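Hi there,

Here is the structure I promised to pass on to you. Please have a look at it first, and then read my notes below.

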Amino acid sequence: MIQRFLPLIVTMMVLVVGFLLCAAQFPNFASWRVVGNLLTDNAFVGIAAAGMTFVILSGGIDLSVGAVIGFTTVLLAVLIEQVGLHPAVAFAVALAVGTGFGAAMGAVIHWFQMPPFIVTLAGMFIARGVSFVLTTDSIPINHPLYSDLNDVAWRFAAGGRLSLPAMLMLGVFALSMLLAHWTRFGANIYALGGNRHSAELMGVPVARTTVAVYALSGLLAGLAGIVFSLYTGAGYSLAATGVELDTITAVVIGGTQLTGGYGLVLGTFGGVLIQGLIQTYITFDGTMSSWWTKIAIGVLLFVFILLQKGLLAVWSDRGGEPAEA
Amino acid sequence: MTLSSSALRRNLPQCGALIAVLLANWLLFPDFFSIRVQDGRLFGSLIDVMNRGAPVALLAIGMTMVIATRGVDLSVGAVMAISGAIAATMTQAGWSLPLVLLAALGAGLLCGLWNGVLVAVLRIQPIIATLILMVAGRGIAQLITEGQIVTFVSPGLAAIGSGAVLTVPTPVVLTAATLAVTALLVRATALGLMIESVGVNRLSSAYAGVNTPVILIAVYVWCGLCAAVAGLIVTADIRGADANNAGLWLELDAILAVVVGGTSLLGGRFGLLMSIVGAAIIQAMNTGILLSGFKPEFNLIVKAAVLMVVLLAQSPALSLLLPRPRSPANARPIAAKVTGKAPGKAHKEGSAP
């Protein structure tokens, strides 16, 4: 049991210690306002990262999430501002398109036996390409519902607010944990990521699970796109470039193995917040340049991977060779 | 790899795609194949394709070796930015050209060494091992340029990007030279065979006496060096280093070129020349879309469509569905097990993760 939870414990400890160190340096850091903003600013990355966790647990990867987020913002802007649809309808369309897009990629991956890396790379090109074709301009969204939704927030007594995007992210993570750890679908994903062949022999519906995993990632990327469009109030075809990397990094820092089969959804939440914490620290400091974010995240990635390797080597002692990567 | 009829048939989809793209360009733009000499160097759309495609082709050479070992190098774009940043910053500070080149290439070598050690010694999965440098590398490049776009005046360095050797643009010459050296290293010696064997099964290769850590490190170092040369070309071309954008997303283009060229991401058999063909297809499409007056917005969609067509043509699932498989070497493990004709050639064997 401890083996399963150790990476999560380490991730959470890094998050807490990191937060305490920040708070020790800047007294204003330890406030509900900062915590609220940390959750709001990273909401779209978090939602997409939850989807990425499932994909990686199943032994795959989804490079298209950033492009799907960008595409969703453009689609929403076009539907609301140019077609004149009500935002609620536009949201439903966007979620359906994201889900269908993910399912299509999953189908290609399963039935044509093509590597997920390449299929989702093509998906990334298609999603970005279609958003370029729709528009290359940044379209502002001025629907009154947008400002209404942005006002929805749960205010802390001590100042600061838990915005709608932050609540959505927390909800997504709660549901994802339920899905991953207490449903048959979740068990199937772990089985598939552990060993595809054994899973098949055990009776796991490989085709259905693979398609569903990518569809889920597409759905959550669509939701992340909606949150991003609420957050920025605009649709832009270059929005959320490179978010797929942020999400993969968050998943790895969260203790999930990229080979699939091992990891916890809650770890990804920690990974997202650690990345956000680094960014917030650099904003607070004011004198440090933005590139230190990248270097710090790179170093963290390295440390976490080494740690996991070390833990794995200790556990798989009786096997001699550590699992071939 | 001898150019047997089966090899020829295997490479048919890519070569066909390249010819089709070139012909489409020619139909849209009748002057496409015309080449003229002006100011002591060749000019023409075809030359432009080769010149613009040089960085991705260079990356594809190194990437082919890495992918053949069942790895992938996501950091090449960041390595390009680092080598470019070093070259521009040192030139601006007044260092001599040979030292600048040496430092830039040395940086690429070190980056490759880092990746190689992570993969070979620490046994980290290549996609994560190189993700570290992909994320941190661009930060390091920005650290070197201090976040500025560093411009420089140096005819010597600029010649690497925009000069010409015997009328041929320098980037094309550099790419051809790198290809020749790499091909000689892997095909005239047993090195290529060892790389393929590590890709097929790392453990068996080690038992068979292949020094797998050295092979793996060498492959990543070579990939880093190729990326450094590509970074020099890009920096020399714009006479400045933009740490944010130099080589951005080129790692994906390079992987695409290699995969379109028919090298499997599962490792094993690789085709250097076909990777260059893959890079040429990508660049010919880019140039074609620009020439045809289509909006460049369509670029990505066309790229994705061609990619899917070429990949589906090579898809093992599809060749099983078809009544007669195009070539025995392409068949899936089931067929390889049944015929067992050429055990050394059943490179695609091995359980997919």
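**Confidence, chain by chain**

In chain B, residues 323-353 keep a pLDDT under 50, and the model has 38 contacts beyond four places in sequence for them. Here pLDDT is the predictor's confidence in each residue, from 0 to 100, and two residues are in contact if their C-beta atoms, placed from the backbone, lie within 7 Å. This is a predicted model, in which local features need pLDDT of at least 70 and side-chain atom pairs count only at pLDDT 80 or more, while totals for chains, interfaces and linings use all residues. Residues are numbered from 1 along each chain as its sequence is written, and chains are lettered from A and ligands numbered from 1 in the order in which they are written.

Chain B has a mean pLDDT of 83, with 86% of its residues at 70 or more. Helices (H or I, at least four residues) and strands (E, at least two) are DSSP runs, numbered from the N terminus.

For chain A the average pLDDT is 89, and 96% of the residues score at least 70. Among its elements, helix α3 (residues 43-57) has the highest mean pLDDT (96) and helix α14 (residues 291-315) the lowest (81). Residues 318-325 of chain A stay under 50, and the model has 12 contacts beyond four places in sequence for them. For the complex, the predictor gives an ipTM of 0.80 and a pTM of 0.84.

**Where the chains meet**

The contact between the chains takes 40 residues from chain A and 38 residues from chain B. On the chain B side, α6 (126-145), α10 (202-207), α12 (250-260), α14 (299-314) and α15 (316-321) each supply at least two residues. The most comes from α6(B), with 11 residues. By class, the side of chain B that touches chain A has 27 nonpolar, 6 polar and 5 charged residues. In this scheme Ala, Val, Leu, Ile, Met, Phe, Trp, Tyr, Cys and Pro count as nonpolar, Asp, Glu, Lys and Arg as charged, and the others, Gly among them, as polar.

An unreviewed UniProt entry places the feature "transmembrane region" at several stretches of chain A, including residues 38-57 and 162-182; its positions are given in the numbering used here, feature names are shortened, and annotations may be inferred rather than shown by experiment. Over residues 38-57 of chain A the model is 95% helix and 0% strand, with end C-alpha atoms 26 Å apart. Residues 162-182 of chain A are 90% helix and 10% strand, and the end C-alpha atoms there are 28 Å apart.

Helices α8 (residues 164-182) and α11 (residues 206-232) of chain A pack at about 165°, with axes 10 Å apart. Axes are lines fitted to C-alpha atoms, for helices over the stretch in contact, and angles run from 0 to 180 degrees between N-to-C directions. α8(A) and α11(A) are therefore roughly antiparallel (angles under 35 degrees count as roughly parallel, over 145 as roughly antiparallel, 65 to 115 as roughly perpendicular and the rest as oblique). A:P165, A:L168 and A:V172 of α8(A) make the contact with A:L220, A:V227, A:L230 and A:Y231 of α11(A). These residues divide into 7 nonpolar, no polar and no charged.

**A helix pair in chain B**

Helix α2 (residues 12-28) and helix α13 (residues 272-291) of chain B pack at about 20°, their axes 9 Å apart. That makes α2(B) roughly parallel to α13(B). Among the residues that meet are B:L18 and B:V21 in α2(B) and B:V277 and B:I281 in α13(B). The contact of α2(B) with α13(B) has 14 nonpolar, 5 polar and no charged residues.

Best wishes
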